[in-house]
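Student: I've just been handed a new structure and I'd like to get my bearings. Could you walk me through it?

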Amino acid sequence: MLTTSQLIQIRRDLHQIPEVALQEHDTKQYLLKVIQQFDQQFLQIKTVPELPTALLVRVQGKRPKKTIGYRADIDGLPVKEKTGLAFSSKNEGKMHACGHDIHMTVALGILNYFSEHQPQDNLLFFFQPAEESKNGGKLAYEQGVFTGERRPDEFFALHVTPDLPAGTIGCRNGTLFAGAAEINIDLYGQDGHAAYPQRANDMVVAAAALISQIQTIVARSIDPIESGVITIGKVRAGTIRNAIAGHAHLEGTLRGLTQTMIEQIEKRLREVTAGIGQSFAARAEIEINQGGYWPVENDPKITAEFIDYMKNNPAVKYQETEPAMTGEDFGYLLAQIPGTMCWLGVEDDSQLHSATFSPQESAIEAGIKAIVGFFEEHM
């Protein structure tokens, strides 16, 4: 079994080599090096030609009735680290600011345990690239990674959160993470001189009207008992103070707690954009890209069993959590294969994706023990 000091060293080693989406070559090699030191009797290590930086490890069960999948994301973020830690990132401008170094270490700890204690059912560990961007989960599924004996019957994963005490398991039935989609809108009118507005078609005015109308979608088109968010975070129009802009470009994001809600918001957003275009005699173009960031909707039956185990195990600190509006591409996999995602508390003053995020390493062993215990009872 990996010791506490070995687990912490693995986490620190991984923290120093963050790589962004689909470039996780050193990370994959490090994972392989660690896994190859485990007892190989029950293990099958599989590279993934369809997704070169991904890694699959299968654990053969004693009397398998199903295959249980466990996913750990492996990519970092394009963030310049400012933690001041002795084991800070060695890759300039890149950082494990979302805790994926913890995710990988917990997964390795679980895998190490079952390499020495053969499980009843088969286990499939998926070390997934490109969670932060480029839709790694969706890419894997669409490229046939989970076919034949590589297809799990159930899928599990966790995500760290600084908002829970270190080692606490947080979960809920239903939606854990919102789904997210990117919005790009272009409005085309006619540029001209500020002194002669009648000879132009001002897209700054059109963009202002559109932004105001967009705010009514959640307020007036979505059930108030439910939740949705639309944010326009970037607007670009014009080049000089005394010229009328003939083009405006808007970028934003929409989020919803179910895929049905996201589709409803998307439909209304397209209608409002088309309406503004018509009102201002402008050409309006809208692109909405959800990719693989579907809502993380936990399976009711599996999650009820998961929560029951965590709540009734005195060795586990458990807390019921509310849905979060952050996105996670594990939602796409859960839309194809039933399963559960949970939080692992790492208690920190800094939030996810911040340059100063520094999770508490004591959470690693707590996460391993909680998931190992659940898997042993679940099989």
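Tutor: Let's start with a network of salt bridges that links R11, R12, D101 and E361; a salt bridge is a side-chain nitrogen of Lys or Arg within 4 Å of a carboxyl oxygen of Asp or Glu. Bear in mind that this is a predicted model, where local features need pLDDT of at least 70, side-chain atom pairs count only at pLDDT 80 or more, and totals for chains, interfaces and linings use all residues. Residues are numbered from 1 along each chain as its sequence is written, and side-chain values use heavy atoms, with hydrogens and water left out.

Student: How many residues apart are R11 and E361?

Tutor: These two form a salt bridge, with their closest N and O atoms 3.0 Å apart. R11 sits in helix α1 (residues 4-15), while E361 is in the loop between β16 (339-345) and α9 (363-378). Helices here are DSSP runs of H or I with at least four residues, strands are runs of E with at least two, and both are numbered from the N terminus. So the pair links distant parts of the chain, and the separation is 350 residues.

Student: Which residue forms a salt bridge with E149?

Tutor: E149 lies in the loop between α4 (136-142) and β5 (154-161), and its partner is 103 residues away in strand β1 (residues 43-47). E149 is partly exposed, with a relative accessible area of 42%. The closest N and O atoms of the pair are 3.1 Å apart, and the partner is K46.

Student: What is the N to O distance between R283 and E285?

Tutor: R283 is partly exposed at 46% relative accessible area, and E285 is partly exposed at 35%. Their side chains meet in a salt bridge, N to O, at 2.4 Å.

Methods
Buried means under 20% relative accessible area, exposed over 50%, partly exposed in between (1.4 Å probe, protein chains only).
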